[in-house]
Amino acid sequence: MSTFRIVLLPGDGVGREVTTAAKHVMAAAAELFDVDLEFSEELIGGAAIDATGEPLPQRTLDACIASDAAFLGAVGGPKWDGGTRRPEEGLLGIRKALGLFANLRPVKVTEATLAHSPLKPQIVKGVDLLIVRELTGGAYFGEKKRDAKAASDLCVYTVAEIERVARIAFDAAQKRRGYVTSVDKANVMETSRLWRDTVNRIHKAEYPDVALDHMLVDTAAMRLIQKPRDFDVLLTENMFGDILSDEASMLPGSIGLLGSASLGTRQPGLFEPIHGSAPDIAGRDLANPAGAILSAAMLMRYGLDRTQEADAIENAVTQVQKSGRFTADLGGAETCSGMTHAVIDALSRAFWASRHYSVQQHQMHWG
């Protein structure tokens with residue numbers, strides 16, 4: 001049996017707490033399904049700046065390159081404001097170094113979370129969408145200039161960058177409901193006009209079976225609140241995707257509920273909850289671990305190709321939510337560690353119940 005090597009990058013703030021939660025759930029699933037996982041831990045973000053002066057030490061990068069998958073908690077916080085190095089440089093740097101150009105952020109409103117949405121149930125019931133965000137281009141990575149009187153951030157996209165992330169979105173749509181909405185600002189920005197032309201060409205040549213439409217980013221922001229059920233796969237550039245996915249996180253009620261996968265053309269991928277470091281609650285066992293645990297499920301699915309384990313983890317989270325157990329961000333009284341233990345318990349119960357059912361079915365078949 002081969003061993004999967006997973007690098008843990010707790011980072012800053014609540015990152016350590018939610019990373020611990022994800023690790024414990026992955027370890028529990030691995031034990032139940034007889035998978036061999038080997039965990040190691042490295043520094044990134046503000047914690048790395050404090051220890052080494054660098055937000056992404058070479059040791060961390062080397063460990064991630066040699067791994068099968070990397071899990072990140074969160075980076076950043078006011079402690080490092082005004083410093084010469086920013087914790088976020090570590091996150092942007094590792095995405096770039098590993099060639100992780102596509103970020104997948106699923107948003108699903110279940111019956112268990114329906115009552116926690118700030119929107120009316122008739123608007124969000126049944127929402128099941130996927131945001132595919134380009135991750136290594138655009139203004140976040142363009143040339144930056146600043147003097148006493150002005151500042152600029154250069155937004156650049158190449159045809160090749162747009163083509164590869166478009167294919168990820170179209171491939172995903174083929175496995176879902178077959179509908180891609182490409183989000184841009186083509187009425188103003190030249191990069192968006194290139195984006196739209198390139199997406200149209202890839203669609204016509206390679207994915208004629210997938211429905212495609214285009215939407216300006218301001219309209220998309222409005223429609224996510226007005227008619228979120230209309231969306232299947234949203235394809236968009238880096239900055240727009242960053243903003244829209246945080247907006248979409250409120251459909252089920254909390255940014256703490258959503259996980260993400262950052263993927264490239266080769267492993268390893270990087271898996272992380274979409275919330276920030278929340279330094280105000282760090283170390284108090286108050287963070288919602290659901291997004292981190294669901295990111296762990298995505299790590300199993302996309303990083304290790306262990307679909308059965310991913311399904312089991314996702315189902316366990318749903319079962320705990322159905323029982324009415326939530327953390328404070330959703331009006332509940334559960335702690336981060338309490339939710340984690342509940343998910344592990346649900347995971348174990350479902351596993352052994354399925355095994356018992358299988359034995360019974362086997363005995364009935366053979367008399």
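Helix α7 (residues 190-206) contributes the most to the lining of the largest cavity, with 3 residues. Helices here are DSSP runs of H or I of at least four residues, strands are runs of E of at least two, and both are numbered from the N terminus. The model is a predicted one, in which local features need pLDDT of at least 70 and side-chain atom pairs count only at pLDDT 80 or more, while totals for chains, interfaces and linings use all residues. Residues are numbered from 1 along each chain as its sequence is written, and side-chain values use heavy atoms, with hydrogens and water left out.

Let me stay with the cavity. A cavity is a set of points, on a 1 Å grid over the protein atoms alone, where a 1.4 Å probe fits but cannot get out; lining residues have an atom within 4 Å of a point. Grid points are joined across faces, edges and corners, and the volume is the space filled by probe spheres set on the points. The count by this rule is 1 cavity of 30 Å³ or more, and the volume of the largest cavity is about 50 Å³. Which residues line the largest cavity? They are Tyr157, Asp184, Thr191, Ser192, Trp195, Glu237 and Phe240. This lining divides into 3 nonpolar, 2 polar and 2 charged residues. In that scheme Ala, Val, Leu, Ile, Met, Phe, Trp, Tyr, Cys and Pro are nonpolar, Asp, Glu, Lys and Arg are charged, and the others, Gly among them, are polar.

I turn now to strand β11. All 5 of the 5 residues of β11 (residues 259-263) are buried, so the strand is largely enclosed by the rest of the structure. Buried means under 20% relative accessible area, exposed over 50%, and partly exposed in between, with a 1.4 Å probe and protein chains only. Both faces of β11 are covered, with Gly259, Ala261 and Leu263 buried on one side and Ser260 and Ser262 on the other.

What does β11 pair with? Two strands pair if DSSP finds at least two bridges between them. β4 and β11 run antiparallel and are joined by 3 bridges; one of the pairs is Ala102 with Leu263 in β11. β11 also pairs with β12 in the antiparallel sense, over 4 bridges, and Ser262 stands opposite Leu270 in β12. A hairpin of 5 residues links β11 to β12.

Within β4 (residues 102-108) we find Val107, which is buried at a relative accessible area of 1%. Beyond its neighbours within four places in sequence, Val107 is in contact (heavy atoms within 4.5 Å) with Val127, Asp128, Leu129, Ala248, Leu251, Pro252 and Leu258.

Next, helix α4. In α4 (residues 88-97), Gly90, Leu91, Ile94 and Arg95 are buried. Viewed down the axis of α4, these buried residues fall within an arc of 130 degrees, so they line one face of the helix. The arc is that of the directions from the helix axis to the C-beta atoms. Gly99 follows α4 and has a positive phi, near 65 degrees.

Ala278 is in the loop between β12 (269-273) and α10 (290-303), and Asp285 lies in the loop between β12 and α10. Ala278 counts as partly exposed at 26% relative accessibility, and Asp285 is partly exposed with a relative accessible area of 25%.

Technical notes. 1 Å grid on protein atoms, 1.4 Å probe; cavity = no way out; pocket = protein on both sides within 12 Å on 5 of 7 lines; lining within 4 Å.
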